[in-house]
Amino acid sequence: MDPATHTLYGATASAVLQGGRNRMRIAALVVLASLLPDIDILWAFSDPISAVLNRRMFTHSILGIMAISGVLAFLVRKLFPGTSWLALASLCASGMALHVLLDLINAYGVGLFYPLS
């Protein structure tokens, strides 16, 4: 899927997850998280062969979703006073999981259980 599709689905999901005074921040966080798995495209700047081999592997895996959403929640927790780290990590994980689910239906697939498979 393209970034516009991931952004629209992230914005739609955030509309369902919104709550209270932080709803715009939550929307921005879920949209950011729904785009974040494609950060693996940065491999292309270092080595084109590595970019092909590592595309949609770690960042699109269950382990990658947990790790990246935890780090993102840690980085943005100052923007959400009074919100627990676990709640932020859950929001990030939901956006990233939506991205991976959308990529599962395309022809390229993802390494969902990477590095185990």
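Q: How many residues does helix α6 have, and what does it reach from its first C-alpha to its last?
A: This is a predicted model, where local features need pLDDT of at least 70 and side-chain atom pairs count only at pLDDT 80 or more, while totals for chains, interfaces and linings use all residues. Residues are numbered from 1 along each chain as its sequence is written, and side-chain values use heavy atoms, with hydrogens and water left out. Helices (DSSP runs of H or I, at least four residues) and strands (E, at least two) are numbered from the N terminus, and the expected span of a helix is 1.5 Å times one less than its number of residues. Helix α6, residues 85-104, has 20 residues and is close to the 28 Å expected, as its reach is 28 Å.

Q: Which residues of α6 are buried?
A: Buried means under 20% relative accessible area, exposed means over 50%, and partly exposed is in between (1.4 Å probe, protein chains only). Of the 117 residues of the protein, 38% count as buried. In α6, the buried ones are Leu88, Ala89, Leu91, Cys92, Gly95, Met96, His99, Val100, Leu102 and Asp103.

Q: Is leucine 101 buried or exposed?
A: Leucine 101 sits in helix α6. Because its relative accessible area is 53%, leucine 101 is exposed.

Q: Why does valine 30 count as buried?
A: Valine 30 is found in helix α2, where Ile26, Ala27, Leu29, Val31, Ala33 and Ser34 are among the buried residues too. Its C-alpha is 9.7 Å from that of alanine 15, which is 15 residues away along the chain. Valine 30 is buried because its relative accessible area is 0%.

Q: What should the 13 residues of α2 span?
A: The end C-alpha atoms of α2 are 18 Å apart. That agrees with the value for 13 residues at 1.5 Å a residue, which is 18 Å.

Q: With which side chain does aspartate 40 make a polar contact?
A: Aspartate 40 lies in the loop between α2 (23-35) and α3 (43-46), and it counts as buried because its relative accessibility is 4%. A polar contact is a pair of N or O atoms within 3.5 Å; within protein, one must be able to donate a hydrogen and the other to accept it, and residues adjacent in sequence count only if both atoms are side-chain atoms. At 3.1 Å, the partner of the aspartate 40 side chain is threonine 59.

Q: Is proline 3 buried or exposed?
A: Proline 3 lies in helix α1, residues 3-17. Aspartate 38 is 35 residues away in sequence, with 8.5 Å from C-alpha to C-alpha. Because its relative accessibility is 53%, proline 3 counts as exposed.
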